[in-house]
Amino acid sequence: MTFALRGLELHGRRMWERECILEALGFIERHGMNALILHETDLLHEVLFPRAYFDPYAQWKSAPTRRGENAIQNNRVYLDHVLKLAGSRHIAVWLEIKELGFPDEVVEMRPDLIKDGHICPSDPFWGEFIGTLTDELFTDFPDIAGLIVSAGSPEGRASRAQNKCHCALCERTSLEDWYHQLIMAMWRPVGRHGKRLAIRDFAYKPADHEPLIAAVGKAPRDIIFSIKATPHDFYPTFPDNPAFGRLDREQWVEYDVMGQFYGLGVVPCFVYDDLRRRLDHARSKGATGAVFRAEWERVNDWWCLGTLNEVNLIAAALMARGEAVDTNEVCRRWLDDHGWARGCAGWLSTILREAWPIVRRALYIQDFMFADSSFFPRSIGRAWWTMETKHSLSAWDPSRADDLRLSPERLHAMLAEKAEAVARVHAYAERVRVGDPSVPPDFHEQLVAQADLFVTYVEGFEKCARVCLLARTSTNGRGERLHALKEAITDLESYGQRIRPLSEEARHPHQVVLLLDHRRVADIAREGRACLEPAK
């Protein structure tokens, strides 16, 4: 079955570069997609004043009505240009945002919105503000197809789900009612302009997720429910999102093809099997649209296009069109797009399919998210907080609730998993070095260089994980682990010195340094040494 909407999502600064827009539109045309999604948390405030509150023609007194007014004027002309570029190719453009969002001038205009030091998300002003903002958006940019909104995301500037404000109004407003009021404030102007509104399923925990589903369920039927393939975020090891099939309305599925949680495309990771299964699941639950994220806002100057992870986007586009495509064909099309001889597609496909089993064993611990969005953990404490709280697998799969309790057997299995990741990546790199006669020499040279970085990357996770795991057992009174912890810290410190030239020599793009950051390694080692101190 073909998904009616097949969208490529830009979620970062690429959307502000004309050449990147043209490249994205070219990809959409070549691979049979039909929508471009421009996602930036505060995007509306980059292109609207809004003039109902801030006069664009005002003569300055001490400052402009909106800081950076010329940038807003620039952005308005640019967005209109992008809409024309897409429209000439019959490609729909959707904007994607998070609410609540607002410029600082709103707080100056309405200081009463701050209650006990926090922005009150329940104040009735927000309904008026969002409605006015949405109306101006579609008045000024009638070529926009629709709006996709994370309603009440913890990543917005204020949200009832953040639970910061405890004023009387917030205390008596249920989360479900708050979500519903927010959705309706946007839906009314969207409908008046004949456009569509999609509400994203973006909640960190089930306690926020269920009220969001209930609020969308009460909303008008023409509102689309856009659901991440996995709950909370794009974790390939997590269960399917339980929101699919819950509501009788149009649904979309969202999938990250760049790899925020599987190496960002700095190292290769072909997630063909997971992608296939997730899309099939979404279809079986009634989804009729699919959005594929090709960029992540937290890392600039980077997207999946041009990397080997572009194979994920190609596979996604073909699957969304209902094509029965295999990994060889995906690689053939990637090679075609990049001007390489397609004869090595079979070899490349075989190599790339080895990557995810390696990444899974390196960046995850028994399927729990150990990495910090593909980076080394920021500290031992953050690593455990990531697994147990922020990106908790057990929150969405209660059967895993006890799986981070470190019995000797479980610790052994976790360490063995990391050792296997290292063994596998060395085998991968050796196969890449051996190569194949069908691989063009220049392309082979690139693959070998990337495989070497892949080895270093996976080795780093093995060493970080060893310290983080042994530190937990040592602080739990397992004194016999202290010697092993000391050795692991020394090994990690040596590794940190080994990768330090990557940042000092500046030979690689900064994304490589981000993934192999000696400063994060040093922080983990320092915290590990602190764990040793009570035993002195």
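R321, E323, E329, R332 and R333 are joined in a network of salt bridges, a salt bridge being a side-chain nitrogen of Lys or Arg within 4 Å of a carboxyl oxygen of Asp or Glu. The model is predicted, so local features need pLDDT of at least 70 and side-chain atom pairs count only at pLDDT 80 or more, whereas totals for chains, interfaces and linings use all residues. Residues are numbered from 1 along each chain as its sequence is written, and side-chain values use heavy atoms, with hydrogens and water left out.

The whole structure contains 61 salt bridges. In one of them, the side chains of D80 and K84 meet at 3.0 Å, N to O. These two residues lie four apart in helix α3, and therefore about one helical turn separates them; helices (H or I, at least four residues) and strands (E, at least two) are DSSP runs, numbered from the N terminus. D80 is partly exposed at 30% relative accessibility, and K84 is partly exposed at 44%. Here buried means under 20% relative accessible area, exposed over 50%, and partly exposed in between (1.4 Å probe, protein chains only).

Another salt bridge joins K463 and D491 at 3.0 Å, N to O. This pair links distant parts of the chain, with K463 in helix α16 and D491 in helix α17 (residues 482-504), 28 residues apart. K463 is buried, with a relative accessible area of 13%, while D491 is partly exposed at 25%.

The interior can be described through its nonpolar cores, each a set of buried Ala, Val, Leu, Ile, Met, Phe, Trp, Tyr and Cys residues joined through side-chain atoms within 4.5 Å. The largest core has 187 residues, among which L38 and F292 touch the most other members. Helix α16 (residues 441-475) supplies the largest share of this core, 17 residues. A second, separate core of nine residues includes A35, I148, I224 and W252.

Helix α1 (residues 18-30) has buried residues C20, I21, A24, L25, G26, F27 and I28. Among the elements covering them are β1 (5-10), β2 (35-39), α3 (69-87) and α10 (310-320). Just after α1, G32 takes a positive phi of about 70°.

Finally, the cysteines: the structure has zero disulfides, a disulfide being a pair of cysteine sulfur atoms within 2.5 Å. For C165, the nearest cysteine sulfur, that of C167, is 3.7 Å away. C165 is buried at 5% relative accessibility. For C170, the nearest cysteine sulfur is that of C165, 3.8 Å away, and C170 is buried at 1%.

Key: Contact = heavy atoms within 4.5 Å.
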